[in-house]
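Open the structure in your viewer and keep the selection tool ready. This tour moves from the whole chain to single side chains.

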Amino acid sequence: MKLAANSGVADFIKNLNNPTPGKLFQVFFDDGLLEHIVFQTNLYANQTNLQKSKSTSITPTTKCEFMAFLGINILMGIKVLPSYRDHWSSSPDLHDPYISQLMNVNRFSWILGNLHLNDNEVMPKKGQPGFDKLFKLRPFLDVMQQKFEACFSLTECGAIDESMIKFKGRSSLKQYLPKKPIKRGFKVWCLADGSGYLSKFQIYTGKQDNNVEKALGPRVVKDLCSGLENKGHRIYFDNYFSSVNLLHDLKDKKINACGTINKNRKHLPTFSSDKQLKRGDYDYFVNNKGIATTKWKDKRAVFLISNFHNPQDTTTVKRKARNGSIEDVPCPIMLTDYNAHMNAVDKFDQKKSSYEIDRKSRKWWHRIFFYFVDACIVNSYIIYEKLGLPKMTLKNFRRKVVEHLVCETLTHTNTKKRRSNPVVAAIREHKPYVPDNIRQREAAHLPIRSSRRRCGHCSTKSKQVRTKWMCTMCKVPLCLKDDKNCFIPFHKK
C-alpha cells in the first residue's frame with residue numbers, strides 16, 4: 001500500500017518565516033502553554049501562602065521570567081555541576097557569570113519550588129470518579145501529545161518500544177526493570193518515527209484497581225497505532241508486545257506490523273527443533289489470514305512474526321565461522337528489515353540523553369516534566385534537520401534554544417545594569433558575534449565611549465578601522481562619526 005503523501009513535517013512549520021531553533025522549540029512550548037504554567041505556578045504559590053498563614057505577599061512570576069528559568073535549566077544540562085546552586089557560588093572555580101546574571105539563586109529556587117501544572121484544589125482523591133494518577137501533569141501531557149502529532153506525521157516506518165524516566169524516590173508509578181540501563185523510574189510506551197521523532201506516548205501508571213491488566217502489550221500497540229489505519233505504515237515492536245491475535249487485528253485495520261515473538265505464545269505452530277537446524281536454516285508457516293511466523297537459526301533460534309512479509313524472501317548476513325573467517329549466512333528479509341527499523345525509540349533516547357536536564361527532585365512529576373522538555377528539544381531538532389537548514393550539532397541547537405528563551409531577560413538585564421564586561425559578544429575568528437535575537441532588538445542599543453578597538457562591522461584584516469565608541473547592549477565597538485555610522489547597519493537584519 002502506498003504511504004500517505006502528507007507524512008513528515010507539517011505544512012504550517014514548512015511555511016514558518018525564518019524557522020530558527022528557538023522558533024521551532026516554541027512551536028511545542030507555545031505562549032498558551034507558557035501562560036498556563038505561569039498561572040498555575042502563581043496559583044500554587046498563593047495557595048501555599050494561605051495554608052501557611054504567611055502575611056508576606058509573593059512576587060508572581062511572568063512568562064518572560066519563566067522562559068529564562070526554562071532556558072537556565074536547559075543550559076545546566078550542557079554546563080553540568082554537582083548542584084544547581086553551584087552556578088551562583090561565590091567561588092570563582094564554580095561561579096557561572098552568564099547564568100547568575102539572568103536570575104538570582106533565590107528566585108530560581110522559588111520558581112522551582114512552586115512550579116505547578118494543574119490546580120491541586122480540584123484534584124479528585126483516590127476512589128472518587130475521575131481519579132487520575134497523572135492529574136498533576138494531565139493538561140501538560142495533553143498539550144504535548146497534541147503538539148507531537150500535529151507537527152510531524154509518521155513516515156513509512158515506525159517502532160513501538162519503552163523508554164524510562166529515571167526516578168529513585170517514592171511513587172506508586174515507579175517501575176523496576178533490572179535488565180534496563182535505567183533500572184528504576186517511570187515507564188513510557190513510545191511510538192517513534194524512524195528518524196527518532198517521538199510521535200505518541202503513554203505513561204504506564206501500574207495496576208488498575210489492584211488488578212493486573214491482561215494483554216497489556218497488545219493493548220498498548222493498538223492505542224499507539226490508533227489513527228494509522230489504511231495509511232501504509234510499517235510498525236515494528238519486540239516480543240513483549242507481539243501475539244498472533246494482535247497481528248490479525250492490525251492486518252484487519254491495514255496496518256503493517258512485524259516483530260520478534262516468544263516461542264511459547266498462544267496459537268504459534270510447532271517449528272523444527274534446534275537440532276534439526278544449522279546456522280542459516282529457517283522454518284516458517286503462514287496461516288489462512290496471511291500471518292507469517294518464522295524460526296531462524298543463528299547461534300540461538302530467533303522467532304519472528306509479520307503480517308506483510310513473504311517468509312520465503314531471503315538475503316545474506318555476515319557471520320564469523322569457527323576458523324575465524326567471515327562467511328555469508330542466509331537470513332530472512334523479515335529479520336534484516338526488523339533490525340533496520342526497530343531502533344527508532346533508541347534513537348530518540350540517545351538524542352535526549354545528550355545534555356539532558358538531569359534535575360533531581362523529591363516531587364516525582366518534576367522528572368516527567370523535564371523529560372518532555374527534552375523531548376520537545378529533540379523533536380524540534382529532528383524537524384530542523386528535516387527542513388534542510390544549515391547543519392548544527394545538538395549541543396549548539398540547545399544553545400540556540402537557550403538564547404531564544406533568555407533573550408528578553410538578557411536585554412532587560414543589560415539595559416538596567418549597563419555592565420562593562422562582555423556578556424553577549426563572543427569572538428568568532430576576527431569578528432565579534434552577537435546572536436540575532438539580541439542584535440536586532442531596536443531598544444536598549446546606545447553608544448558609550450570605550451578604548452580604541454577595531455570596528456565590529458566595517459573593519460577587516462586588510463583595512464583596519466578603529467573607533468572609541470561601543471554599543472552598551474552588544475559590547476561591540478562600532479564607528480560613530482559625522483561621515484560614518486556603523487550602528488544602524490550592524491543592528492539591522
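Below are the stops, with what to select at each.

**Stop 1: the whole chain**

Start with everything on screen. This is a predicted model. Show the cartoon: the chain holds 15 helices and 17 strands. Along its principal axes, the C-alpha trace spans about 90 × 70 × 45 Å.

How much of the chain is buried? Of its 493 residues, 48% count as buried.

Contacts come next. Take those between residues at least 6 apart in sequence: 61% of them join residues at least 24 apart.

Colour by charge. There are 84 positive side chains and 45 negative ones. The centres of these two sets lie 6 Å apart.

**Stop 2: a hairpin**

Select residues 314–320, which are strand β12. Together they form a hairpin, with 5 residues between the strands. Pick Gly-324 in the turn: its phi is positive, at about 95°. Then pick Thr-316 and look across to β13, where Pro-330 stands opposite. While the strands are on screen, look at where side chains point. In a regular strand they alternate between the two faces of the sheet.

**Stop 3**

The chain has 20 salt bridges. Select Asp-30 and Lys-147 for one of them. The closest N and O atoms of this pair are 2.7 Å apart. Where do the two partners sit? Asp-30 is in the loop between α2 (21–28) and α3 (31–51). Lys-147 is in helix α7, residues 138–151. The partners are 117 residues apart, and the pair links distant parts of the chain.

**Stop 4: a salt bridge within a helix**

Move to helix α8, residues 216–224. Select Arg-219 and Asp-223, whose side chains meet in a salt bridge of 2.8 Å, N to O. The two residues are 4 apart in the helix, so about one helical turn separates them. Arg-219 counts as partly exposed at 27% relative accessibility. Asp-223 counts as partly exposed at 32%.

**Stop 5: another pair, then a network**

Select Lys-352 and Glu-356. Their side chains meet in a salt bridge, 2.7 Å from N to O. Lys-352 is buried, with a relative accessible area of 7%. Glu-356 is partly exposed, with 26%.

Now select Glu-156, Arg-234 and Asp-337 together. Salt bridges that share partners join these three residues into one network.

**Stop 6: a histidine in a helix**

Finish at helix α9, residues 244–252, and select His-248 within that helix. Why does His-248 count as buried? Its relative accessibility is 15%, and the cut-off for buried is under 20%. Which residues does His-248 touch, leaving out those up to four places away in sequence? Show Asn-287, Lys-289 and Ile-291: His-248 touches each of them.

Technical notes: Residues numbered from 1 in each chain as written. Predicted model: local features only at pLDDT ≥ 70, side-chain atom pairs only at ≥ 80, totals over all residues. Heavy atoms only, no water. Buried < 20%, exposed > 50% of the residue type's maximum accessible area, 1.4 Å probe, protein only. Contact = heavy atoms within 4.5 Å. Lys, Arg positive; Asp, Glu negative; His and termini not counted. Charge placed at Lys NZ, Arg CZ, Asp CG, Glu CD. Pairing = 2+ DSSP bridges. Salt bridge = Lys/Arg side-chain N within 4 Å of Asp/Glu carboxyl O.
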